[in-house]
Structure formats: C-alpha cells, structure tokens
Amino acid sequence: MQTQAGDTAIRVDNVRKIYDTGREQTEAVSGVSFGVERGEFVAILGPSGCGKSTLLMMCGGLESITTGRIEIDGAAMTKPRASIGVMFQDSSLLPWKSVLDNILFPIRILKRDMASHEERARQLIDMVGLHGFEDKKPHQLSGGMRQRVAICRALVYDPSILLMDEPFSALDAITRDEMGEALLDIWEQYTKTALFVTHSIREAVLLADRVLVMTRRPATIVEDIRVPFSRPRARDVGETAEFNELCGHLRSLIETGHGGRRPGDGPVLQPGRRGS
Amino acid sequence: MSVAASEGPARVSLRPALVKGWKRNLPWMLPVGTALATLLLWEIVVRVFSVPQVILPPPSAIGAEFVRIMPLLLQHASQTGMESLVALLLAATLGAVIAGVMASIPLARDVLQPNLVALQLIPKIALAPMFIIWLGIDSSSRLAFAVFLSFFPIVIAASAGLAQADETAIRLCRSLTASPLQTFFRVRVPFALPHFFNGLRIASTMAVIGVIVAEFISSRVGLGHYILYASSRMETTGIFAALLMLCIVGLGLFGGVVLIERLVRDRYLR
C-alpha cells in the first residue's frame, strides 16, 4: 500500500480553492490531499456541490489552485497538458463533425499524424460497440452513444491519465450501467491512471480501486476506502452482499456528512471488518 | 398477431405510393400555387372593375412591359446589382471582423456591444441624405450607405454566434492545449457560421434597400433612379416592371448567399 514517489501519477497536496466574487468568498475545496498511483482507478464520490468537479478541473489544469499544490508525473500542475485526457459531464461533440472526425479532433488540435491515428480511432470505435456509426453525426446518436464517442475521443491521443467529470450522470440508469461496463472493458485493456468524479455510490464501487469520499462541509475528503474486488472485475459483483455492504457504508458516510477522519489518519478501512 | 403484421403492410402499400407523390411536391406546390392564384385574382379584379392602368396595371401588362423594356432594365439592374453585391461583401467582411474582435477581446466587446445595440435603434434609412452630403453623389456614397444599413444584422448575428459556442467544447480545447487561434477557428467559428449566414441573408436584402434608397436621392442610373423617373411620368406599368427586376436582383443576391452557405458547410465544416 505504501507508494513510492516514482509510482505516484497524481499527487494532491493540501489544495484549497476559494472563489472570490468580490463581495464574498466561497470555499469550494478546503485542504484536500491524496495520491493516485500509476495505473490506479480512483473515484471521488460526493454529493453535488461538494467541490469534487472543481478538484478534478484543478487536476486537469482547467481551474486555478488557490493554495496548495498538485503534481502530475512529478511536475506541478499549472496549465493543461496533452498527457492528460479529460471527459466532461456533457459529451460536447462538435455537431458538424462525424463520429470519426469527432474522435480525431484531438489529433487535429495536437497536429499529430492523422493516418496512423485513424486506425486507432477505428479500433476504439469497435471496442465501444459503435462499429458502423463512423460517419454518423452526433444528432443521429443516443446520449449513451455520444458519451461512448467522448470516451474514444479522450483515449485516441493516448494520454497517460484520464480525468472524468461525472461522464455518465446525464444518462438513464440502464445506459449508465452499460457505459460503466464499456469503460471497464477499455480501462482493463489500456490500464490508464484514472480519476473519476461521481455522485453515484454504485458507480464508484463498481469501477474504482479506491473511493475517496468528499463532503460538502467541510469540502474535503473524509474517507479513503480501498475497494476489495479483484480485477478484471466480475460483471455480477454488484449483486454480492459485500458490494452492498460497502455501498451502505459509503451512503451513511455521505448522509452524516463526515467520517471524522482524514485520509492518512490511520489504516485504510476494510469494509469486511466493519461492525456498524 | 402474425396475421395482422403480415396483412397490414400489404394493404396499405398501394395508396401511400400515390399519396407520397403528392406529399413530396406539396412544399413547393403550395406556395407557388398561392402566388399564381393571387396573380390571377389581381388580373381578374383589375379587368372586371376596369381599374385604370395608371393606378394598378394587370400582371399581364406588367409582364409585357417587362419584356419590352428588358434591355433598359438590365442596364439599370446591373448597376444596382453590382453595387448591392459590393456593399454586401464589404458589410460581410466588416461585420465578421468586428464580431471576431468583439469575441476575442473582452474590452472591445464591452466598449462596442452597447453602442452597436443603440445604433441599431436609429431609423437608419433617415440618414441617407447625410451620406450624400458627406460623400457626394457618386457610387461611394451609395455603397457606404448600403454597407451602413446591412452591416448591423451581420455583426449582431455573428457575435451572438461566436458567443454561443459550446462552453464544454471550449474547455475541451483548453484541455487539449489548443492555441487561442485553433479554438477560434476550429470551434468558435463553426458554431457561429449558421448565425453569421442568417445575418448575411437579412443583410442581402438590406444591401439592396440601401442602394435603392440612395439611388432615389442621388443617382442617374440604377433601378431606384428608374422607378423615380417612371413615377414622375406616371408610368405605373414601368414601375412594376422595374420592381419585378428588383425582385430578381434581390433573389439573385439571396440565392448567392444560400449557395455560399451550402458550399462553406460542405467544405469547411468537416
């Protein structure tokens, strides 16, 4: 469990974010610290408005950091980098571009070789089950399909770290589960370092190696829980008693608003040993 | 269940073929039919009530006059059409550049936007004589006035379009380390193009209005001049023939804009 400095892909150190509107100051994130190992899938779980998206955007260099420090691959995060892929809540596909051209959009922006990446794009399209939809426009796709395209777009330029901001929250429950599985398939194949923000307890436990629980007041991480299920994750893991017990524990944490602990305060909680 | 499913399509397959043929042509048949019916009604009313030609000539007389003075009308129309086209091109360039500057520089937007909206409220037609005073009676004053009239819809539409680009798409560009120029031309401009062309379509009619009004005041050629000349001689049929020619000029300009929009959509938006 002890990580060496070299293994750490993301290092968040006592980060605060204060929005200053001139009249008043709002603390969106108050003193958050955690680390993500290379190849690890970490979910930040919290109610809406707890600052988790802000935290993620700071990791992507898309929001300024008020105080504290975020290091990615050993270098301080000050502005966006091409080694970090970001997926947003909204697929935000460009409506005039076909599925294939949307996926190749990052390649165009980064001025990389189009021909070789087109092959990769087609592989990704097959993988998320969109074969035959390459030339369709976004308005011809369902919400779930659009988010699949967004996954491909985030992966096509091969970033080593993937930041995802509630990417499936706009989808219905059934599509959402499907998307989770599609994401697992891809992630298990490419094993990117992933930081995934969500307000769905099930989603967090299904997907992640570790769940960081964030609360609104204080807007910080109150618990750091290792998910005990092995990889590749069994698709029916969601039906096990252990899974539901862990979800129940997380729910009570979010409802009470605080776990009374901070990450690093003690040994990581094992859900199997919980008495309450 | 299975019987109904197999019977259903077989029974309806005959009629839709006929109905479909009708329905497919309905979008153009309805408006064209309405226009023709109106012309017919006009003709009948004028003939039945013996309306004098000087008040309202029948469409048939206008058509005959149109053909008779065609060479003269074409001469005037080429002047009016050319000036409208140049004015529209100038207005499009000016409007796009100003909208682009306003979208890229917040200070410029804060300074210009309210003033543009305020200027929009002036009845700009009333300023036509001022342009003659400032720029004289040659083509430059007519062009300037037509540009002045037609550039507002372009600038307003284009800057609205540029501001309407999907915020997440712009964030995506930032996360991809896109340069401001890349973001502008790859995301903002494509999002703005439909709005820009809406503005351009409105402007194409405004440009013609601008040139005609300026011709009313100062010109010795052009359809505006001809209409004024014909009206001074009570040649109502000639006025209508000139109006018909004016419609063709306006349609040509409008059609050109639509054509360019298609071209841009196919080439640029890929």
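Biologist: Which residues are linked in a network of salt bridges?
Modeller: Glu40(A), Arg210(A), Asp224(A) and Arg226(A). A salt bridge here is a side-chain nitrogen of Lys or Arg within 4 Å of a carboxyl oxygen of Asp or Glu. This is a predicted model, where local features need pLDDT of at least 70, side-chain atom pairs count only at pLDDT 80 or more, totals for chains, interfaces and linings use all residues, and side-chain values use heavy atoms, with hydrogens and water left out. Residues are numbered from 1 along each chain as its sequence is written, with chains lettered from A and ligands numbered from 1 in the order in which they are written.

Biologist: How many salt bridges over all chains?
Modeller: The count comes to 22 by this rule.

Biologist: What does Asp158(A) form a salt bridge with?
Modeller: Lys192(A), with the closest N and O atoms 2.4 Å apart. The two are 34 residues apart: Asp158(A) sits in the loop between helix H5 (143-155) and E7 of chain A, Lys192(A) in the loop between helix H6 (173-190) and E8 of chain A. Helices (H or I, at least four residues) and strands (E, at least two) are DSSP runs, numbered from the N terminus.

Biologist: Is Lys192(A) buried or exposed?
Modeller: Buried, at 7% relative accessibility. Asp158(A) is partly exposed at 46%. The cut-offs are under 20% relative accessible area for buried, over 50% for exposed, and partly exposed in between (1.4 Å probe, protein chains only).

Biologist: Over to E7(A). Which strand does E7(A) pair with over 4 bridges?
Modeller: Strand E6 (residues 84-87) of chain A, in the parallel sense. E7(A) is also joined to strand E8 (residues 193-198) of chain A by 5 bridges, again parallel. Two strands pair if DSSP finds at least two bridges between them.

Biologist: How many residues of E7(A) are buried?
Modeller: 5 of its 5. Ile161(A), Leu163(A) and Asp165(A) point one way, Leu162(A) and Met164(A) the other.

Biologist: Now chain B. What does Glu261(B) meet in a salt bridge?
Modeller: Arg201(B), at 2.6 Å from N to O. Glu261(B) is in helix H11 (residues 236-267) of chain B and Arg201(B) in helix H9 (residues 180-218) of chain B, so the pair ties together parts 60 residues apart in sequence. Glu261(B) is buried at 13%, while Arg201(B) is partly exposed at 22%.

Biologist: And which residue forms a salt bridge with Arg68(B)?
Modeller: Glu65(B), with the closest N and O atoms 3.1 Å apart. Both lie in helix H3 (residues 59-68) of chain B, 3 residues apart, about one turn of the helix. Arg68(B) is exposed at 60%, whereas Glu65(B) is buried at 14%.
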